[in-house]
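This briefing covers surface patches, salt bridges, aromatic pairs and backbone angles. Please keep the sequence and the model open while reading.

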Amino acid sequence: MRYAQGGGLTDAERTMRERLRLQAVERFEGGQKNAEIAAALRISVRSVERWRRAWREGGEAGVLSKGSPGRPRLSDAQIARLQRELERGPLAHGWADQRWTLAWIKTLIGRLFHVSDTVEGTWRLLKRHGWSWQQPTRHAIERDDDAVEVWKETWPRVRAPRRSETPGSSSRTRPGSR
């Protein structure tokens, strides 16, 4: 069974799939053939063959769900330590900039916990624990903040008034639209 680009099954889908496997086990024990089971459960014969093999090798426990493949790789204590280290900043860990990048955080996790992950996996881990993507605001060196504040107050009076309140038309044949 192929999954969408986003990953595997949700918990509900995994539970439903497990129920199907357990129904297949009941039919295995009843002596039904793979093709009959596949037709009755509306699944492929190949899945039934795979499930029967797992059932023969491990019994009913062999066909039970193993859980989500996306289990967290870091414990709560490791997450707490990672947060403390991130709060210290990149300079404390040898990088020349004051902004964290996902690649640097991935490297830091590898150094601290000897766990390898992708940049995307690092982002999901951070997002799951309340960290968010931030981009520093960039201002021109010549910027005059006082002048900006004055302009914010002046601009509403300077800008052109809106068009008339009468309804317009987008028709090219109407005389009012020319």
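Trp95 counts as buried because its relative accessibility is 14%; buried means under 20% relative accessible area, exposed over 50%, and partly exposed in between (1.4 Å probe, protein chains only). The model is predicted, so local features need pLDDT of at least 70 and side-chain atom pairs count only at pLDDT 80 or more, while totals for chains, interfaces and linings use all residues. Residues are numbered from 1 along each chain as its sequence is written, and side-chain values use heavy atoms, with hydrogens and water left out.

**Aromatic pairs**

- Rings of Phe, Tyr and Trp (its six-membered ring) pair if their centres lie within 6.5 Å; planes under 30 degrees apart count as stacked, over 60 as edge-to-face and the rest as tilted. By this rule there are 4 aromatic pairs.
- One of them joins Trp95 to Trp100 in an edge-to-face arrangement, with 5.7 Å from centre to centre and 65° between the planes.
- Trp100 has 22% relative accessibility and therefore counts as partly exposed, whereas Trp95 is buried.
- Another pair, Trp151 with Trp155, is tilted, with 5.6 Å from centre to centre and 40° between the planes.
- Trp151 and Trp155 both belong to helix H7, where they are 4 residues apart, about one turn of the helix.
- Ring pairs also connect Trp95, Trp100 and Trp104 into a cluster.

**Surface patches**

- Patches are made of residues with over 30% relative accessible area and no salt bridge; like charges are joined within 9 Å, and nonpolar side chains (Val, Leu, Ile, Met, Phe, Trp, Tyr) within 5 Å. Accessible areas come from the Shrake-Rupley method with a 1.4 Å probe, and for residues only the protein chains shown count as cover.
- Trp151, Trp155 and Val158 make a nonpolar surface patch of about 330 Å².
- Trp155 is located in helix H7, which covers residues 145-158. Helices (H or I, at least four residues) are DSSP runs, numbered from the N terminus.
- Trp151 is partly exposed because its relative accessible area is 46%, and Trp155 is partly exposed because its relative accessibility is 40%.
- A patch of positive charge on the surface brings together Arg46, Arg50, Arg53 and Arg56. Lys and Arg count as positive and Asp and Glu as negative, while His and the chain ends are not counted. The place of a charge is taken as NZ of Lys, CZ of Arg, CG of Asp or CD of Glu.
- Arg50 sits in helix H3, residues 45-58. With 39% relative accessibility, Arg50 counts as partly exposed.

**Salt bridges**

- Side chains of opposite charge can pair when their charged atoms come close. A salt bridge is a side-chain nitrogen of Lys or Arg within 4 Å of a carboxyl oxygen of Asp or Glu.
- The structure holds 4 salt bridges.
- In one of them, Arg88 is bridged to Glu85, with 2.8 Å between the closest N and O atoms. Arg88 and Glu85 are separated by about one helical turn because they are 3 residues apart in helix H4 (residues 76-88). Glu85 counts as buried, with a relative accessibility of 12%.
- Arg143 and Asp145 form a salt bridge through their side chains, at 2.6 Å from N to O. Arg143 has a relative accessible area of 38% and so is partly exposed; Asp145, at 45%, is partly exposed.
- Glu149 and Lys152 form a salt bridge whose closest N and O atoms are 3.5 Å apart. Glu149 and Lys152 both lie in helix H7, 3 residues apart, about one turn of the helix. Glu149 is partly exposed at 43% relative accessibility, while Lys152 is exposed because its relative accessible area is 53%.

**Positive phi angles in loops**

- Arg42 is not a glycine, although its phi is positive, at about 60°. Arg42 falls in the loop between helix H2 (34-41) and H3. Its relative accessible area is 78%, so Arg42 is exposed.
- His114, also a residue other than glycine, has a positive phi near 55°. His114 is placed in the loop between helix H5 (102-113) and helix H6 (119-128). With a relative accessible area of 71%, His114 is exposed.

Note on methods
Helix = DSSP H or I, 4+ residues; strand = E, 2+ residues; numbered from the N terminus.
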